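Welcome! Here are some exercises to work through with the structure on screen. Try each task before you read its solution.

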Amino acid sequence: MPGLLTMFQRPRRLVYVFFLLFVLTWILFKSDTCNRTANTVTKFGRQSNGIFEVKTRRNLEKINLRHKLQSARTKNEIKPETKKSQYWHFVLDDGEKRHRKFGPTIPVIYAITPTYARLEQKAELTRLSQTFLHLSHFHWILVEDSENKTSLVINLLRSSGLSYTHLHAQTPPNVKLKPTDARYSKPRGVSQRNAGLSWIRDNVDPETQSGVVYFADDDNTYDLQVFDEMRVTQKVAVWPVGFTGHLKYGGPVVTHGKVTGWLTGLELHRPFAIDMAGFAINIKLFFQYPEAQFSNYKVRSGFQESNILQRLHISLNDLEPLADNCTKVLVWHTRTETPRTDAEARNRQKLLKGPYFSIEV
Ligand code: UGA
Ligand code: MN
């Protein structure tokens, strides 16, 4: 006690003490920032996915890297990445990006989802993003069919907690499905899936990062098990999809562990009579066949899936049947019914008095 008193009587010592206190507070503050950045998702009471889960010394290094990237982003130092890199940086909108580094041993699932503005879009994307949150080593490539990225999708992705890339690619007007067109008269999602594939080809190095490409349309429901199974795809893995082919489910017919035909009630003579949500492709194939992509033209309705698989030189014999030899349905083409809004017109004056028209649904 007398020592402490003497110390306060000496102003220089007091300066040292304050300096020490400042350093300690700064260290504490920094470690807390790391902690919060490390677990953006746990903050909301959910388990974090990706690599930023456990606060070990090694992970802190990764987190620091992320910090550096974040501050570089704020200073606008990082431009769209053109060279292939083990660490990917990608620009979402005006420099916004969500960066994850994936370890090279576990294959990453790159899910490409085309999406377009309509009343049920936010509900579809919310369901998808919250399913994907359960997965680690998962990267979502969400591609808007629009001239510009929309604030609805930008905000949804920013708050999703996912590792993602946000792109946009507009379907050419001559092949764009109009509300008056029959549903199957034009292909859907073509330009968007191609934009996703280009991004993968430009940003992923298949030699250092193993992975699987999955075309996950926004109007489906996904059981998490399907991702576990597809992760180890050697070439092309296949499984059934509920509510497709004008049956309760459609997909591969398997005999003695091999795909020998197709169960479908629609366009029976397709080479691969399978829905887009019923297969996953090893990422290496897209580098082996760098020209392989979808086409908006000269592909008959229902033949998009067959077309891409043929361009990747896949034969029936290459297919790896999953989901217990294709006896389990783990994906459903649920689709959300277009909501009725016809009462709006009748009640317009009343609705204008409240926030109705400015609320995002
Ligand atoms: C079926 C298949 O499930 C699709 O994968 C396939 O692309 C399509 O047939 C086809 O043959 O072209 P369907 O349910 O009829 O699909 O199509 P949608 O679900 O309406 O569209 C597929 C994806 O493209 C969805 O993710 C959707 O959001 C997107 N899309 C649709 C657009 O990006 N723009 C559009 O104008 C319409
Ligand atoms: Mn669909």
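Buried means under 20% relative accessible area, exposed over 50%, and partly exposed in between (1.4 Å probe, protein chains only). The model is predicted, so local features need pLDDT of at least 70 and side-chain atom pairs count only at pLDDT 80 or more, while totals for chains, interfaces and linings use all residues. Residues are numbered from 1 along each chain as its sequence is written, chains are lettered from A and ligands numbered from 1 in the order in which they are written, and side-chain values use heavy atoms, leaving out hydrogens and water.

**Exercise 1.** Find the salt bridge partner of R193, and decide whether R193 is buried or exposed.

Solution. Start with the term: a salt bridge puts a side-chain nitrogen of Lys or Arg within 4 Å of a carboxyl oxygen of Asp or Glu. The partner of R193 is D217, with the closest N and O atoms 3.0 Å apart. Finally, both R193 and D217 are buried.

**Exercise 2.** Work out which residue forms a salt bridge with R118.

Solution. That residue is D218, at 2.9 Å between the closest N and O atoms.

**Exercise 3.** Classify K186 and D181, which form a salt bridge.

Solution. K186 counts as buried because its relative accessibility is 17%. D181, at 24%, counts as partly exposed.
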